[in-house]
Amino acid sequence: MFCGLIGIPVSLIAFWFLAGIHQLENLVWTTWPHDLGHADPPWWWALPMSVVPAVGVALVVVFLPGRGGHIPVMGLSAGGPTVPALPGVVLAAACCLPWGVVLGPESPLIALGGGLALLFRDLVRAPANQASNALMAAAGSAAAISAIFGNPLVAGILLMEVSGVGGPQLIAVILPALLAAGIGSIVFTGFGHWTGLQVGSLNLGLPNPPRLDTGDVAWSVLMAVAVGVVVHYVMMLGRHVAILVAGRTALVTAGCAVAMAGCVTLYALSTGRSPAEAALSGQSALAELAKDPHSWPVGALVAVLAFKGLAYALCLGSLRGGPIFPSLFLGGAAGVLLAPLPGFGVVPAMAAGMAATCTAALRLPVSSVVLVGLLVGHTDSLPVIILAGVVAFVTTELLPQGPKVPPLPPLRGPLAGRWPAV
């Protein structure tokens, strides 16, 4: 009952947090360029905008409790939110997300929801212990993150998988079961199409794209292997960046923000397109890509994969935000790029690409499959989504895992003792 009640204020605050971030993003990337006489942001726009994350995040990480939240390359985490960390989480997100940083809002939302739940629990003086802390944090995080996905099912499954419910045994059981389910669905689809016979299934008769064929399945598996390898090394580059940040926190953080803006600028210069396509989380750009994939020439797709991928790695190791939405955009762009392969449709290519990149980045196969399935909005692509997600997960698990990210040095007071680490 208490968790349900906490969901009300947490959801309201999460809504206004996201609304504020969205309005500020529109101001920075739409209103201000229009006021200066530009239809779209000019090619150099990301460079001055990077001053805010470069300076703001560096100051938050150096001086405020909680360091503005955890480093994104370490993955999503449902544990460890604290009430004193809330101001730093909000400030770091406000200094990053609207200003072009290639990260999403999910990690700040998880930290914000968990911290707010503990705050409200303390305000009403409810009993506190280790078990109730974990329960309150998970409930608050789920309430907050359901706002960004627009679906409570994704939030529940994501928090269950992030929290490690069931431990390693969950993955050991669910991964082969998930793969078998995907293969079984493909077999039923193929034999039903070949024989013309029906076995009965839950089907409401809603319009769907053409059924999968052999090319869709084969190319999805091969693409998942390639995408899994590439995303794995993008994440490994992010870990190396995080190691540099741990040594010289403020300077490296600011330098990564400027380097990220440089990647966005190079994309705009090389393609003549808006720098906003390579900046930000990719949520809006992914919707535009799905609506009209043929409006993106091959050169623009290659450039956005290269420059946004590099910017993503830099942001993962240094700035603050979440890894989900940029990975989804990169997967969708990879799918559109590879869709002209023989027998490969645009819809299954994008679906498989998003599942592969999201799974490789998060290492959460169940959550990634459910999220991409709901984004696609129909069931016909679910088999390739499952296959791509499982294959990408196994691929990343078989590769060298790279260095571990060390924790940042502890704070030594409000303003004292930190500048030597700069």
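Mentor: Let us begin with Arg-273, which counts as partly exposed because its relative accessibility is 23% (buried means under 20% relative accessible area, exposed over 50% and partly exposed in between, with a 1.4 Å probe and protein chains only). Keep in mind that this is a predicted model, in which local features need pLDDT of at least 70 and side-chain atom pairs count only at pLDDT 80 or more, while totals for chains, interfaces and linings use all residues. Residues are numbered from 1 along each chain as its sequence is written, and side-chain values use heavy atoms, leaving out hydrogens and water.

Trainee: OK, so what does Arg-273 form a salt bridge with?

Mentor: Its partner is Glu-277, and the closest N and O atoms of the pair are 2.9 Å apart (a salt bridge has a side-chain nitrogen of Lys or Arg within 4 Å of a carboxyl oxygen of Asp or Glu).

Trainee: And is Glu-277 buried or exposed?

Mentor: Glu-277 counts as buried, because its relative accessible area is 11%.

Trainee: How many salt bridges are there?

Mentor: The count comes to two, and one of them joins Arg-363 to Glu-397, with the closest N and O atoms 3.0 Å apart. This pair links distant parts of the chain, since Arg-363 lies in the loop between α14 (346-362) and α15 (365-376), whereas Glu-397 lies in helix α16 (residues 382-398), 34 residues away (helices are DSSP runs of H or I, at least four residues, numbered from the N terminus). Glu-397 is partly exposed, because its relative accessible area is 41%.

Trainee: New topic: where is Ile-8?

Mentor: Ile-8 sits in helix α1, which covers residues 2-35, and Ile-8 counts as exposed because its relative accessibility is 52%.

Trainee: What volume does the second largest pocket have?

Mentor: It has about 580 Å³ (on a 1 Å grid over the protein atoms alone, a pocket is an open set of points with protein on both sides within 12 Å along at least five of seven lines, and lining residues have an atom within 4 Å of a point).

Trainee: Which residues lie nearest its centre?

Mentor: Of the 28 residues that line the second largest pocket, His-22, Glu-25, Asn-26, Leu-280 and Ser-284 lie nearest its centre. The elements giving two or more residues to this lining are α1 and α11 (283-291), and α1 supplies the largest share, nine residues.

Note on methods: On a 1 Å grid over the protein atoms alone, a cavity is a set of points where a 1.4 Å probe fits but cannot get out, and a pocket is an open set with protein on both sides within 12 Å along at least five of seven lines; lining residues have an atom within 4 Å of a point. Grid points are joined across faces, edges and corners, and a volume is the space filled by probe spheres set on the points.
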